[in-house]
Amino acid sequence: MTVRSAVVAGTPRLALSFAGEGELVVMLHGVGGNRRNWLSQIEALSPACLAIAWDARGYGDSDDYAGELSFGDVADDLLRVLDHFDRRRAHLVGLSMGGNIAMEFALRHPDRVASLVLADTDRGMQHIPASEREAFLALRREPILAGVALDELAVPIVASLLGEGAVPTARAEMIDSISRLHRDSYLKALKATVDFDVVGKLDRIGVPTLVIVGEEDRLTPVEEARAICAEIAGSELAVIPGAGHVSNVEQPERFSQALLRFLRSVGAAPS
């Protein structure tokens, strides 16, 4: 497999990794991630699909931006990605914040979505008590504002995300991801994810949808995944054993198998 890179022109410029040919599958990372987190899935999907992972605005090799983070603006960024590859529709795979972005895009641009995979994500943080929302932000935001470097925060943040049985390679990958974050963009993304709210709106989604969740996900637990399924008619649920909040990194083979089964079922990949 040869993974290639591309830059989507515009403001901000967006960096991508991609491989393969066929129907377009776009993978969207979480608030502490980047496009590197999807390399295992690009490898698994590229024999059957055009598999793409991006650095969202303010992440990785993509440009930073002025003002607050708006998921509406990020949805417009995603339109630019589809247009860059001259595709009318895409299969969207979003993890955590990436799932929020995929939901927002599907609600704003339903005609541009072929299917959805929503992994370890939520409809907003309303399912978390206010004290836990505050703790989520405090762990991540307050030390940064006090001048602590991201690489110093990486270990406790990653410990809050991973399942009990996470292998050292998954832990190392996520520590590396946190260390690569753009400080100001990360702070803006944290606020956007906490403010996100699509509760009661997901019944408008009419495309085939798979909801994936790590069995040990404490941040967006199985109960929240079931609630998403209850709102999206005909959606499926896949629980990944032994995984926490970053199931594609913690259990890449199981995640990719579930993803491929779904994409085959909707005709995006040969059976």
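Buried, in these legends, means under 20% relative accessible area. Every view comes from a predicted model.

**View 1. D120, a buried residue in a loop.**
With a relative accessible area of 0%, D120 falls under that cut-off and so counts as buried. Look for D120 in the loop between β6 and α4. Its backbone is worth a glance too: phi of D120 is near 45°, a positive value in a residue other than glycine. As background, most residues other than glycine have a negative phi.

**View 2. S96, in the loop between β5 and α3.**
Here's another positive phi in a residue other than glycine, this time near 55° at S96. Is S96 buried or exposed? S96 has a relative accessible area of 13%, so it's buried.

**View 3. Helix α3, largely enclosed by the rest of the structure.**
Helix α3 runs over residues 97-108, twelve residues in total. From first C-alpha to last, α3 reaches 17 Å, close to the 16 Å expected at 1.5 Å a residue. Why call α3 largely enclosed? Because eleven of its twelve residues are buried. Among them are M97, I101, M103, E104, F105 and L107. And what do the buried residues of α3 pack against? Their neighbours include the strands β3 (24-28), β5 (90-95) and β6 (113-119), along with the helices α2 (71-84), α7 (183-195) and α8 (222-231).

**View 4. Helices α4 and α5, packed together.**
Two packed helices are described by the angle between their axes and the distance between the axes. For α4 (residues 130-145) and α5 (residues 150-161), the angle is about 175° and the axes lie 10 Å apart. An angle over 145 degrees counts as roughly antiparallel, and α4 and α5 are therefore roughly antiparallel to each other. On the α4 side, the contact is made by L139, R140, P143 and I144; α5 brings L150, L153, P156, I157, S160 and L161. Sorted by kind, the residues of this contact are eight nonpolar, one polar and one charged.

**View 5. A cis peptide bond between T11 and P12.**
The bond from T11 to P12 is cis, with omega near -5°. In general, most peptide bonds are trans. You'll find P12 in the loop between β1 (4-8) and β2 (14-19).

**View 6. Two buried cysteines, C49 and C229.**
C49 sits at 0% relative accessibility, so it counts as buried. C229 comes in at 16%, so C229 counts as buried too.

Terms used. Residues are numbered from 1 along each chain as its sequence is written. This is a predicted model: local features need pLDDT of at least 70, side-chain atom pairs count only at pLDDT 80 or more; totals for chains, interfaces and linings use all residues. Side-chain values use heavy atoms; hydrogens and water are left out. Helices (H or I, at least four residues) and strands (E, at least two) are DSSP runs, numbered from the N terminus. The expected span of a helix is 1.5 Å times one less than its number of residues. Buried means under 20% relative accessible area, exposed over 50%, partly exposed in between (1.4 Å probe, protein chains only). Contact means heavy atoms within 4.5 Å. Axes are lines fitted to C-alpha atoms, for helices over the stretch in contact, and angles run from 0 to 180 degrees between N-to-C directions. Angles under 35 degrees count as roughly parallel, over 145 as roughly antiparallel, 65 to 115 as roughly perpendicular and the rest as oblique. Ala, Val, Leu, Ile, Met, Phe, Trp, Tyr, Cys and Pro count as nonpolar, Asp, Glu, Lys and Arg as charged, and the others, Gly among them, as polar.
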